[in-house]
Amino acid sequence: MTNAYAPDPATKLQIYGLMSLIKQNDEHARRAIRTGRLVMNYYSPRGQECIPAAVSVSLDPEDYICTIYRGLHDMVAKGVPLKPLWAEFAGRVDGTCKGKGGPMHITHPASGCMVTTGIVGSSMPIANGLAWSAKLSGSKRVTVAYFGDGASNIGAFHESLNLASIWKLPVIFVCQNNQYSEHTPIEKCTAIDEIARRADSYSMPGVRVNGNDPVEVYAAAREAIDRARAGEGPTLIEAVTFRFFGHNMGDDDSYMPKDKKQAALERDPFPLYRRRIIDEGVATEAELEAIDQAHERDVREALEFALASPPPEIAELHRDVYAQEVNQ
Amino acid sequence: MNQPNTDTCLGVEAVNMALRIAMEADPSVLVLGEDVGDPEGGGVMGATRGLSTAFGDDRCRSTPISEQAIIGAAIGASIGGFRPVAEIMLMNFTAVCMDMLYNHAAKLRFMSGGQTNVPITVRMLTGAGAGGGGQHADYLEAWFAHAAGMKVVAPSNNADLHGLLLSCIEDDDPCIFIENTPLQRSRGPRPIPGQRVPIGKAAIARPGADVTIVTHSRMVINALAAAEQLASEGVDAEVIDLRTISPWDKTAVLDSVAKTGRAVVVHEAVRPFGIGAEISATIAEELFGDLNAPVQRIGAPFCPVPFARELEDAYIPSAARIHGAAMLTMDKAWVSA
């Protein structure tokens, strides 16, 4: 890691702001489900928030991301506006997708969130195509594919890395290794201890970073994004992290050794990073508190906006299936 | 007898001409797939021959044998503003990339509330009769016709191969384009360059008054042969070439059956749960009182495509079987006194 890729204080604060915003979104989502205000499948990204926060600060609004069902943090970090995001969570007409996609299929091209998939391993092949379109157009746009450690065992991962490498596509594969494939621990289902080393098979750089350290993630992402923009091809980043609320909401964590989870919680990236930037003099406690409170208010407003929005009309069943309505 | 001349061409040439015209007209049209570039032979059948030389390797790219990566690249590029034509060599190989086709290409427009669309065309060969055996020759059009958001096209002649391919490339929805392997290798009238054939419109391949035979792709040829035999026996069959499987031309089929009062639906795919079931159910629902006989369905037996020539011949619905089904609908016993 070179100093050239160290975030300056303003960038550090920007990363904090995104982490705080993600955390507020996650807390409200879990509370809204618990209290029955929202009914949705929810895959909490809590514990993984610093990864997209530290990646996104080096992305431009026109850069693309493809993410997955555990993707709230990726979407928020990329700039998907909160009101339509929450209205989509609620299945309402003011949602990003008019309530027709739901939390697993958030799409918001204006902020570069192009595809959210509910299928493990499917963000990567499509990210390649988006990156290919940028390359063909001669633009400097890059595409980030987010996915988990479980997805690195799917054929599409290997096909995608191979194609991206031989076509030198401007794509960054960001594996958020939370150490569980649904309920199965990584050592039981993945035949390599460092997913980053899978990059060796595809002749691309593979970088393993502490996914709970925004400074490390920032440096790796910045280098990969610069490489992609310069036409030097793809990078695989493995950011090692942990998810604090299991696979999906309602998951009782019984498959997770208690000491392992406890150790992970003690490394919670949010309070650690908060303490760190205060100690470094990037911001004061009071300034960070003001950021947190502003985000809390924004998320609360977005939730109320979502719940006040009407459901889509039934005629939507027949719209957007084809370009022109087809009567089959 | 198959002497090449300027008025005829192979099926594969009708496809090649369409690709060339589309790429010339629109710089956003791309071609990708296994071996599609000229150094690799221009496609397994030669359908993409000359394109990489004429338009460059960026616009006509050979890929690894990675069907998920091929369709993923096509989907992503289409969302990024291009019109990719992906070649999945054989229809059976779509099984390898069904997630990309079914969960993504077909659904992204709906799931995004219309914000993104996937204007890709996926070309593929299939069809028994070439000794391909169980994994190289299936007709799987019903799989794709069952996917809301997907269009499915299966031409039976050069003009339709040419004209429908152009329409698919220009269409804003994902299109499955089925090329019949034996037909791609046979010669027929050369299409008028650039003449489009609309998606969703059937053709009357042979007009008739007594019984309607509804079919598509290579089975049109067998249906026409059956119709000739029927004509010699005084039965005037109308042959409807669906051309598009989804959305199918319900109006054309129902108009014809309303006229004839009899219908035989024919496809090369296995009969159970095939598109024949959908078509005959629709005919029964819409024209119950007008039918003079139950709708007959002809398809392949419910088994994988066999290899042995004798078995393969027996597998493919023959003109004789179609003729038999049509004659059955003519039976006076159906009409109550």
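Two residues are in contact if their C-beta atoms, placed from the backbone, lie within 7 Å. Axes are lines fitted to C-alpha atoms, for helices over the stretch in contact, and angles run from 0 to 180 degrees between N-to-C directions. Helices (H or I, at least four residues) and strands (E, at least two) are DSSP runs, numbered from the N terminus.

In this predicted model, local features need pLDDT of at least 70 and side-chain atom pairs count only at pLDDT 80 or more, while totals for chains, interfaces and linings use all residues. Residues are numbered from 1 along each chain as its sequence is written, and chains are lettered from A and ligands numbered from 1 in the order in which they are written.

**A sheet in chain B**

Helix α11 (residues 275-287) of chain B lies across β10 (211-215), β13 (263-270) and β14 of chain B. Relative to β13(B), the helix runs at about 160°. Strands β10, β13 and β14 belong to an open sheet of five strands in chain B, ordered β9-β11-β10-β13-β14, with mixed pairing; two strands pair if DSSP finds at least two bridges between them. The edges are β9 (203-206) and β14 (296-300) of chain B; each has a single partner strand, so one side of each is left without a neighbour in the sheet. From one strand to the next, the twist averages 25°. β9(B) pairs with strand β11 (residues 237-241) of chain B in the antiparallel sense, over three bridges. Within this pair, B:I204 stands opposite B:I240 in β11(B).

**Domains of chain B**

Chain B is divided into domain 1 (8-189) and domain 2 (203-330), with bounds that come from an automatic or database domain assignment. Their C-alpha centres lie 27 Å apart. Across the boundary, 26 residues of domain 1 of chain B are in contact with 22 residues of domain 2 of chain B. On the domain 1 side, at least two residues each come from α6 (141-145), β6 (151-153), α7 (158-170), β7 (175-180) and α8 (181-184) of chain B. That side divides into 14 nonpolar, eight polar and four charged residues. Here Ala, Val, Leu, Ile, Met, Phe, Trp, Tyr, Cys and Pro count as nonpolar, Asp, Glu, Lys and Arg as charged, and the others, Gly among them, as polar.

**The two chains**

Chain A has eleven helices and eight strands, and chain B has 13 helices and 14 strands. The radius of gyration of chain B is 20 Å, close to the 20 Å that the globule rule gives for 337 residues, so chain B is as compact as a globular protein of that length.

| Chain | C-alpha span along principal axes |
|---|---|
| Chain A | about 55 × 50 × 40 Å |
| Chain B | roughly 70 × 55 × 35 Å |

Buried residues (20 or more other C-beta atoms within 10 Å of their own, with C-beta atoms placed from the backbone) make up 54% of chain A and 58% of chain B.

**Between the chains**

34 residues of chain A are in contact with 35 residues of chain B. On the chain A side, β2 (113-117), α5 (123-137) and α6 (155-166) of chain A give two or more residues. α5(A) gives the most, with ten residues. By class, this side of chain A has 18 nonpolar, twelve polar and four charged residues.

Terms used: Buried ≥ 20, exposed ≤ 12 C-beta atoms within 10 Å, placed from the backbone. Rg over C-alpha atoms; globule rule 2.2 N^0.38 Å.
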